[in-house]
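Have the viewer open as you read, and follow the topics in order.

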Amino acid sequence: MTPVTEDNHSSQLQSQTDTTGTDDAPVGTYKSTLPGPLGTIDNAISWLESVMLAAGVLLMAANTIANVVGRFVFQSSIFFSEELNSVLIILITFAGISYAARHGRHIRMSAIFDALPPRPRKVLMIFIAFVTAVFMFGLAWYALQYIMTQAGRGRLLPALQVPVWWTLVWVPFGFFMTGLQYLLTAIKNIIEPDIYLSTSVLEGYDDNEREV
């Protein structure tokens, strides 16, 4: 049996922080550390978030630049530019809340949490993640009901002439993905000995990482 030395322990900690990191660590390429189907689901959600955010930001930039060029070069603005940007802002916002949850970027009030010993902190983190997931799923349900109400009214956007409810489909979708992310975070904390803010972010800070 190989003895556990300080160098080996440091290497293990370094390996772990390379794949997980802390809440202040830079965001890199995401790869789920959850086992089996949970990891597949986690990676799929990450891919959807990335596609939605990248597409939203790029389309908004292209639309804004095209509108500026049209206004100052051709003396004619794109008539639907403002409406399209409004739709893209909704997309980016509600894809972003799931992305922020995945990388532990949401604002936290952690004064009491940080003062607790490791075991109560872990129990509290599991409770917080589960409760947040329930609230996110509840908001997704109410948002879906709101969209169904809007669809029944048949309202159209003035410029784009598309149903208003089309622009809101990202709201329940974003809430649902965020709920899944917090649910996976709770599961991660149950099956792992360390405390996780998300499926990939350890609780703690770069200069004072804390592990169970």
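**Helix packing and a pocket**

Helices α5 and α6 cross in a left-handed way (left-handed if the near helix is turned anticlockwise from the far one by less than a right angle, right-handed if clockwise). The model is predicted, with local features needing pLDDT of at least 70 and side-chain atom pairs pLDDT 80 or more, while totals for chains, interfaces and linings use all residues. Residues are numbered from 1 along each chain as its sequence is written, and side-chain values use heavy atoms, leaving out hydrogens and water.

**Helix pairs**

- Helix α5 (residues 118-153) and helix α6 (residues 170-191) have axes that come within 8 Å and cross at roughly 160° (axes are lines fitted to C-alpha atoms, for helices over the stretch in contact, and angles run from 0 to 180 degrees between N-to-C directions; helices are DSSP runs of H or I with at least four residues, strands are E runs of at least two, numbered from the N terminus).
- That angle makes α5 roughly antiparallel to α6 (over 145 degrees).
- Their contact brings together 21 nonpolar, five polar and one charged residue (Ala, Val, Leu, Ile, Met, Phe, Trp, Tyr, Cys and Pro count as nonpolar, Asp, Glu, Lys and Arg as charged, and the others, Gly among them, as polar).
- For helix α2 (residues 36-73) and helix α3 (residues 81-102), the axes come within 9 Å and cross at roughly 150°, which makes α2 roughly antiparallel to α3.
- The contact of α2 with α3 holds 13 nonpolar, nine polar and three charged residues, and the crossing is left-handed.

**Annotated spans**

- The unreviewed UniProt entry annotates "transmembrane region" at residues 51-74, 86-102, 123-144 and 164-184.
- Residues 86-102 are 100% helix and 0% strand, with end C-alpha atoms 25 Å apart.
- Residues 164-184 are 71% helix and 0% strand, and their end C-alpha atoms lie 32 Å apart.

**Largest pocket**

- The volume of the largest pocket is about 330 Å³.
- Among its 16 lining residues, Ile107, Arg108, Met125, Ile128 and Tyr182 are the closest to the centre.
- The largest contribution to the lining comes from α5, with four residues.
- By type, the lining splits into nine nonpolar, five polar and two charged residues.

Terms used. Parallel < 35°, antiparallel > 145°, perpendicular 65-115°, else oblique. UniProt positions renumbered as here; feature names shortened; annotations may be inferred. 1 Å grid on protein atoms, 1.4 Å probe; cavity = no way out; pocket = protein on both sides within 12 Å on 5 of 7 lines; lining within 4 Å. Points joined across faces, edges and corners; volume = space filled by probe spheres on them.
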